[in-house]
Amino acid sequence: MSTSRDRVVITGCGVLSPFGLGAQTLYEGMLAGESKVEKLPEPRASLRPGYGGEITERPAKVIRGLPASREMRPGTMTRYTFLSTAALGDAMVNAEVPLGPEEGRKDQVAPWEGSKRRGAYIASYTNSDKFDKYVRFAHHVISRKPGGVAIDDSKVPAAIKKFTAFEFLKLMNNMPTAHAGIQGRCRGPVNTFLGTPAGGVQAIGRAFEAIRDDLADVMYAGGVGSSVHDQMMMMRATRHLNSDPDAEPAKAGRPFDKDATGIVPGEGGGMLVLERASTAAERGAPVLAELAGYGDWFKAPTSNRGLPAGPEGMIRAARKAMKMAGIEASEIDLVTALGESDVEVDAIEAAGLAELLGPRVGEVPVLCVTAHVGAVEAAIGPMAASVALMAMKHGKVPGDLNRENPIPEYKGPTSPEPRTMAIRNTLICVMTREGVNAALVLKAV
Amino acid sequence: MVSGPRTAESQVPVVVTGLGLVTSAGAGVDSAWKVLSEGTSALSELTLFDPGPYGLEIAGESHSIERVPGQDRALQLLDLAADEVLGAAGWGDTQRGPETGVVLGTCQGAIESASAIHRSYASRPVPEPTDADRKAFAEYRPGFGTTRLAKRVGAEGPTSTVGMVCVSSSVALMHAVDLIRCGEARRVLAGGFEAFTQFVLTGFHCIGALASGPLRPFDQNRDGTVLAEGAVLMTLEREDDAIARGATILARVIGCGVAADAFHMTAPDPKGGGLERAVRQAFAEAGIGPADVDYISAHGTGTAFNDGMESVAFARIFKELADAGQMPPLTGVKSVFGHTLGAAGALDAAMAILAMRHGVLTPTVSHVAPLEGLEDWDFNPHQTRPVEGMDIVLSTNSAFGGNNSALLLQRAGV
């Protein structure tokens with residue numbers, strides 16, 4: 001039975017990134033100073049910027065804990081659902097969630113015991129990479145005319161025949177959560193957050209609240225994102241947000257660097273296993289850290305290129321999280337940031353970090369996953385948190401890739417080499433163009 | 001920040017102080033209520049595109065807005081609903097700031113416009129973007145409606161966009177209630193919106209879920225759902241704040257429940273296990289039981305799977321009452337407005353609030369023959385009738401993927 005002030009701990013983290021499966025894999029790649037941003041294959045190579053951090057192989061075997069019945073094959077999932085199920089399976093294994101064979105099957109699945117007290121909150125920008133069959137459908141029936149779009153009704157019957165029920169169903173935005181429900185045996189609270197890169201942190205924060213509110217004992221929470229597909233690359237192209245197509249791919253992701261030219265496409269998924277501390281202790285679960293604070297704040301963006309109105313929203317979100325965790329800026333040893341690689345956005349974020357950290361800004365490393373894998377949308381917070389958990393565990397923080405010439409607003413330390421250090425508290429910050437800001441505090445245990 | 005078990009005693013009372021909506025009945029609460037209370041149907045011939053290939057007779061198209069080039073239909077609907085709710089609730093400068101949040105549910109957003117542009121960009125050479133392209137791509141973001149509305153009302157508190165298909169807006173309402181209860185916000189503008197899109201219509205056609213005629217919830221002859229569009233918004237706030245500012249309290253939210261089936265990727269658990277858990281969670285939170293429910297506003301999509309699953313769940317939850325001939329009446333408002341998907345849960349809740357305020361039970365239109373074994377249940381198939389003591393309503397919704405929600409609403413003044 002819960003107690004009113006039970007702490008919430010993180011017992012597992014799972015990642016699927018261009019480096020492969022596992023938070024440790026991503027962490028080691030970052031420690032080695034590697035980038036997985038590479039030239040994309042045609043036809044995407046001709047879309048700006050032509051490169052990105054892509055997960056090129058999506059074999060079924062990377063997904064753990066999901067029954068291998070027909071509807072659960074990766075081919076029946078969108079790119080987003082695949083990312084979430086792979087990351088969640090990894091997190092479950094990492095958290096030592098018992099996976100046993102289900103009667104009559106060889107599948108390794110989680111037990112039903114406790115399922116009513118388990119839930120899943122997952123964030124995603126959307127749940128389709130190329131609109132799949134919809135694009136095909138739309139190509140048949142929609143024509144573009146001056147002033148707008150029109151539907152050619154005469155082509156509808158033929159188009160309908162090319163559309164299948166299953167393709168439609170798998171595009172639904174709650175599919176990552178629906179899969180997580182089955183994969184993690186979650187019969188408790190579920191939610192899918194859409195729309196901004198802060199969504200992954202919001203999902204974790206709300207899951208944290210769900211445990212504190214006694215709605216669940218265990219929550220699977222995180223986010224997925226992909227911007228290496230046509231849809232997102234085109235969306236950014238219309239707003240001139242993509243990085244320079246002539247840049248060397250591995251050097252294109254340059255958070256807080258003067259030579260950054262724009263957003264680098266990327267993709268990934270990150271999931272955490274959150275548990276009530278007492279429940280985790282009962283089952284002898286590994287505890288990676290305490291999730292001690294969460295905060296979010298909305299500050300409407302300015303109309304100019306959709307830039308954040310300023311660092312205020314991010315600062316307030318972080319301060320809310322720190323207040324909840326009962327820590328001061330002087331107690332933060334590591335920060336993870338969005339580091340979009342757009343000089344104007346990075347300048348706002350850097351100014352926010354400077355104000356947040358005060359006199360310690362020159363000492364606290366600022367970790368940016370985006371430099372290594374590109375922009376991963378709603379996965380940025382959960383992936384950054386996973387890497388931070390590895391850094392806290394091993395006492396080593398990856399170096400700052402491609403940050404040779406920091407922008408003036410960036411007052412933090414810069415080191416191409418990993419740093420060996422003890423980390424008491426990590427602040428996970430995500431500032432977005434959309435104005436949604438969210439932050440977490442991870443406390444070492 | 002409040003923490004601890006959620007019980008009826010420990011919760012900050014949250015109330016509804018304003019409604020704003022656009023449905024197939026037109027713009028405004030009054031338009032919707034008139035059609036529902038008169039027991040007529042808001043469904044009509046589809047004019048947005050040719051319904052012929054789909055074999056459709058009727059749909060829930062909103063004729064309150066026109067297709068305007070360069071303007072997204074879903075956002076148009078949202079704007080209309082926002083105009084009404086902000087006026088009705090009396091929200092203004094006092095409600096701006098960090099204690100105000102916005103949580104919206106939606107399924108698709110501005111998908112058709114974005115797709116047309118997608119086609120242009122998929123052709124090589126890639127064209128130079130136009131202002132229309134930039135606008136469409138910016139607006140397509142699923143969270144765009146939420147952040148735009150947050151900007152409009154000056155909200156700086158929590159903002160979220162919930163993408164839970166048919167339970168999107170009911171989960172959005174519950175998420176909003178949670179934010180108020182845990183102290184993250186004092187007030188939240190919440191609800192859902194959905195525009196009629198040919199993409200979704202085609203999808204439902206392909207899965208064989210569209211009705212050949214009227215939408216007949218819980219009827220032996222039901223053969224599918226009728227898709228619709230709309231936007232439904234509510235202002236939710238702490239009851240003490242609402243009283244202090246002299247706001248009209250429309251209803252109190254006394255219980256919320258969300259639960260997953262964990263049964264199948266798309267199909268519901270035929271035993272209704274997830275729905276039952278959601279309802280029982282809402283009961284526990286409210287500190288009440290089945291006997292306290294005066295009316296059930298069911299999801300009632302008119303599809304074989306959903307209505308079958310719901311009736312099994314309700315039969316189990318209300319078994320003692322049903323056995324004693326005291327099963328609370330159960331209706332489905334989708335029979336009047338159609339299925340508004342991302343706005344459906346909020347629309348059901350809004351109509352339930354109005355029913356309590358007017359002290360009437362609204363009808364399930366087009367319902368003729370109840371499901372086998374449910375002949376004794378009161379689906380109120382014909383016309384609105386007055387009822388005494390309708391104080392507590394249970395509003396439930398379910399979605400593809402096995403996600404279920406249950407909302408308990410109490411009449412203001414009880």
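Which residues does B:Val102 touch, not counting residues up to four places away in sequence? B:Val102 touches B:Thr146, B:Leu149, B:Ala150, B:Val153, B:Ala155, B:Pro158, B:Thr159, B:Ser160, B:Val188 and B:Leu189, where contact means heavy atoms within 4.5 Å. This is a predicted model, where local features need pLDDT of at least 70 and side-chain atom pairs count only at pLDDT 80 or more, while totals for chains, interfaces and linings use all residues. Residues are numbered from 1 along each chain as its sequence is written, chains are lettered from A in the order in which they are written, and side-chain values use heavy atoms, with hydrogens and water left out.

**Around B:Val102**
- B:Val102 sits in strand S3 (residues 100-105) of chain B; strands are DSSP runs of E with at least two residues, helices are H or I runs of at least four, and both are numbered from the N terminus.
- B:Val102 has a relative accessible area of 0%, so it is buried (under 20% relative accessible area, with a 1.4 Å probe and protein chains only).
- Between the C-alpha atoms of B:Val102 and B:Gly154 there are 10.0 Å, although the two are 52 residues apart along the chain.

**Two helices crossing in chain B**
- Helix H1 (residues 29-37) and helix H13 (residues 344-358) of chain B have axes that come within 11 Å and cross at roughly 70°; the axes are lines fitted to C-alpha atoms over the stretch in contact, and angles run from 0 to 180 degrees between N-to-C directions.
- That angle makes H1(B) roughly perpendicular to H13(B) (65 to 115 degrees).
- On the H1(B) side you'll find B:Val29, B:Ala32, B:Trp33 and B:Leu36, which meet B:Met351, B:Leu354, B:Ala355 and B:His358 in H13(B).

**The largest cavity**
- A search of the whole structure turns up eight cavities of 30 Å³ or more; a cavity is a set of points on a 1 Å grid over the protein atoms alone where a 1.4 Å probe fits but cannot get out, and lining residues have an atom within 4 Å of a point.
- The largest cavity holds about 140 Å³ of space, with volume taken as the space filled by probe spheres set on the points, which are joined across faces, edges and corners.
- Of its 14 lining residues, the closest to the centre are A:Tyr121, A:Leu215, B:Met174, B:Asp178 and B:Val258.
- H6(B) gives the largest share of the lining of the largest cavity, four residues.

**Chain A in brief**
- Chain A has 13 helices and 19 strands.
- Of the 445 residues of chain A, 68% count as buried.

Key:
Angles under 35 degrees count as roughly parallel, over 145 as roughly antiparallel, 65 to 115 as roughly perpendicular and the rest as oblique. Buried means under 20% relative accessible area, exposed over 50%, partly exposed in between (1.4 Å probe, protein chains only). On a 1 Å grid over the protein atoms alone, a cavity is a set of points where a 1.4 Å probe fits but cannot get out, and a pocket is an open set with protein on both sides within 12 Å along at least five of seven lines; lining residues have an atom within 4 Å of a point.
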